[in-house]
Each structure stands twice: as structure tokens, then as C-alpha cells.
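Please look over the model below together with these numbered points, which take up a cavity, the strands around it and a few loop residues.

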Amino acid sequence: MKEPIIHNLFPTPIYMTNMDRPFTKQELQFAKKQKNHCSKNTGNINTKDNYILNRKELKNIKKFLDQCCKDYLEKIICPKNNLELYITQSWLNYTEENQYHHIHSHPNSVISGVLYFDCEKENDKIKFTNPKGHQQIKPEIDQYNIWNSETWWFPLETGQLVMFPSSLTHQVDTKKGSNTRTSLAFNTFYKGTIGSNYDLTELIL
């Protein structure tokens, strides 16, 4: 039999890139200090300040993330109208050894992202759940791949950014390693015109 071609139809985009520089001493000190101003989350803690990117200590990181939002919009969403993807809320997460980050998604957001201040590639991962949901017919799998898996994880490293549709459920399993996994998470929304006046779907934001 001739080798078949298998197409990925309607795939879910997971945008990954890295900062082109290390974090500055000021940025790292700021992130470490904010750990003293947190609320308890399910499995770990996060900052009480949920607009952390408005702080002057993170202004250069905010510029980098704004550029990545623009890149995501232009390369993946490709809008016809003059549209902006802007950051709404943002916060820092801290996960210690034997802690975890519960499975969740991000309502009232278009694209969500996570920038990693401190993580170990050997131990730290982000796990996504298949948006197709429950599979009624489930044969026993011999070898997992992107078509037959219910979950999929990616290893992470310091300085890495991951962006994905906010509706995509994700989590962090129980953490291994002695470092404090530190990440900056954010949500986004549209600014401008979406939809079509002619099709009666126009929404001006």
C-alpha cells in the first residue's frame, strides 16, 4: 500500500517562544517579593494583584508580551478588520514541591498565556486536555499520539512563553523538584471591530 497522507484538520494552536534575554535582577527580585502578597489557590498560591503587568518593574516584559499577542493575532487568527489583542488581567503563580495547579480554563478571555520565571525542564510541565471531551468508544492504546490522546504535556524552561486558546483546559500535576515554579499568567480580549456589519454579526469593542 502506498504511504497515506494524514492531515490535521482544525488543530488547536499552542504558541511557544522564548524571551531573547535573561530576566533582569530587578524583575526576578520583584517576582520573588510578590510571593509575600498572595492568596491561596487550589493547589498553590497566586498574587493578590491581578493586574501585575501594570507594575513598572515589569514594563519591559509587558512590551514583550504585547508583541507576542500581536504576532499570535497576525499569524493564527488573521483578522480582516483592524483588531487588537490586548492583555486584560495578569498575575503571578507560585508552586512548591508536592503542590499542583488544578485543571481549569480561562472564561471571558480569547487567548491566555504563561511566561515562566523559574522552572526546571526535567520536572516542570504544562498539561492540556483534549477539547473533544469524553470519548464514548475507547480502545486500549498501544502508542499515544496527537490524535488518540486525551491529554498532552510539554516540558518547560525558564524564559519560555506558552499561549493558547483560553477555552483549552490545562493543569500542572504535582510538582517535583526543590525549586519554586514561578509563572506569570495573563488573559486577553479583542479591541476593535469583530464580525461583519453586512452579516449582522458586527461587534465594536
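1. Two strands are taken as paired if DSSP finds at least two bridges between them. Strands here are DSSP runs of E with at least two residues, numbered from the N terminus. The model is a predicted one, in which local features need pLDDT of at least 70 and side-chain atom pairs count only at pLDDT 80 or more, while totals for chains, interfaces and linings use all residues. Residues are numbered from 1 along each chain as its sequence is written, and side-chain values use heavy atoms, with hydrogens and water left out.

2. The strand β6 (111-118) has antiparallel partners in β9 (residues 160-165), to which 5 bridges join it, and in β11, to which 6 bridges join it. Within the pairing with β9, isoleucine 111 has proline 165 as its bridge partner, and within the pairing with β11, aspartate 118 has threonine 182. Because 7 of the 8 residues of β6 are buried (under 20% relative accessible area, with a 1.4 Å probe and protein chains only), β6 is largely enclosed by the rest of the structure.

3. The structure holds 1 cavity of 30 Å³ or more, a cavity being a set of points, on a 1 Å grid over the protein atoms alone, where a 1.4 Å probe fits but cannot get out. About 150 Å³ of space lies in the largest cavity, where grid points are joined across faces, edges and corners and the volume is the space filled by probe spheres set on the points. The lining consists of 15 residues, each with an atom within 4 Å of a point, and those closest to the centre are Asn93, His101, Val114, His170 and Val172.

4. Which elements give two or more residues to the lining of the largest cavity? They are β4 (83-95), β5 (101-104), β6 (111-118), β10 (170-172) and β11 (181-194). The lining residues divide into 6 nonpolar, 8 polar and 1 charged, where Ala, Val, Leu, Ile, Met, Phe, Trp, Tyr, Cys and Pro count as nonpolar, Asp, Glu, Lys and Arg as charged, and the others, Gly among them, as polar.

5. An open sheet of 4 strands, with antiparallel pairing, has the order β5-β10-β7-β8. Its edge strands, each pairing on one side only, are β5 and β8 (151-155). On average, neighbouring strands of this sheet are turned by 20° against each other, direction ignored, with axes fitted as lines to C-alpha atoms and angles running from 0 to 180 degrees between N-to-C directions. The antiparallel pairing of β5 with β10 extends over 2 bridges, and histidine 101 stands opposite valine 172 in β10.

6. Two asparagines deserve a look for their backbone. Most residues other than glycine have a negative phi. Asparagine 98, in the loop between β4 and β5, has a positive phi of about 75°, and asparagine 108, in the loop between β5 and β6, has a positive phi near 55°. Both count as exposed (over 50% relative accessible area), with asparagine 98 at 59% and asparagine 108 at 72%.

7. Is asparagine 179 buried or exposed? Asparagine 179, which lies in the loop between β10 and β11, is buried, with a relative accessible area of 10%. Its side chain makes a polar contact with the side chain of lysine 175 at 2.8 Å, the term standing for a pair of N or O atoms within 3.5 Å of which, within protein, one must be able to donate a hydrogen and the other to accept it, and residues adjacent in sequence count only if both atoms are side-chain atoms.

Key
On a 1 Å grid over the protein atoms alone, a cavity is a set of points where a 1.4 Å probe fits but cannot get out, and a pocket is an open set with protein on both sides within 12 Å along at least five of seven lines; lining residues have an atom within 4 Å of a point.
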